[in-house]
Amino acid sequence: MKNILKLFLFLVCVGLAFLFFQNSIAKLVVEKKGDILTGLSIKVDQAKPDLLAGGIQIRGVTVLNPTQGFEREAMVEVPEVRASFELADLFRNGTHLQNLEVYVKRFFILKNSMGQINIEPLLSGQVMPPKNLRIESLDLIINKVVYINY
């Protein structure tokens, strides 16, 4: 009987810890999964999962330049991303999103003093497209594309 009570208390503590740290865990998972899916470094300010409804809201996403040597670290600034998914799909091979809404505030195309363009690795295939990613519906808004020649 004591073992069952200990197990129950342990599960309650783990559940409460998960509820308390779910945003931090989601932020870490989004950054790591984003790095893997896109091949680019991604920073996230905040992630709010709603696992019961099968969705997540991500704020303050910054996609970093794929190569060094550019005065500006950020390649893409995304204030908000919303995604909906089936919870069971998260545990399968690949990623399946039912709906993805992305608002891009600024997309920077940079040319440095050596003539290199920051999006060249994307165009030349050095950064591979995501594997096993399926999106049913995509709403993409790009507010501004900025070209800077240093």
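Guide: A salt bridge is a side-chain nitrogen of Lys or Arg within 4 Å of a carboxyl oxygen of Asp or Glu. This is a predicted model, in which local features need pLDDT of at least 70, side-chain atom pairs count only at pLDDT 80 or more, and totals for chains, interfaces and linings use all residues. Residues are numbered from 1 along each chain as its sequence is written, and side-chain values use heavy atoms, with hydrogens and water left out.

Visitor: How many salt bridges does the structure hold?

Guide: Side chains of opposite charge can pair when their charged atoms come close. The structure holds five salt bridges. One of them joins glutamate 77 and arginine 106, at 2.7 Å from N to O. Glutamate 77 is in strand E3 and arginine 106 in strand E5, so this pair ties together parts 29 residues apart in sequence. Strands (E, at least two residues) and helices (H or I, at least four) are DSSP runs, numbered from the N terminus.

Visitor: Is glutamate 77 buried or exposed?

Guide: Buried means under 20% relative accessible area, exposed over 50%, and partly exposed in between (1.4 Å probe, protein chains only). Glutamate 77, at 17%, counts as buried, while arginine 106, at 27%, is partly exposed.

Visitor: Where does asparagine 118 lie?

Guide: Asparagine 118 is in the loop between strand E5 (106-111) and helix H2 (120-124). Its relative accessible area is 0%, so asparagine 118 is buried. Its side chain reaches the backbone oxygen of phenylalanine 108 at 3.0 Å and the backbone nitrogen of leucine 110 at 2.8 Å.

Definitions and conventions:
Polar contact = N/O pair within 3.5 Å; in protein donor to acceptor, adjacent residues only side chain to side chain.
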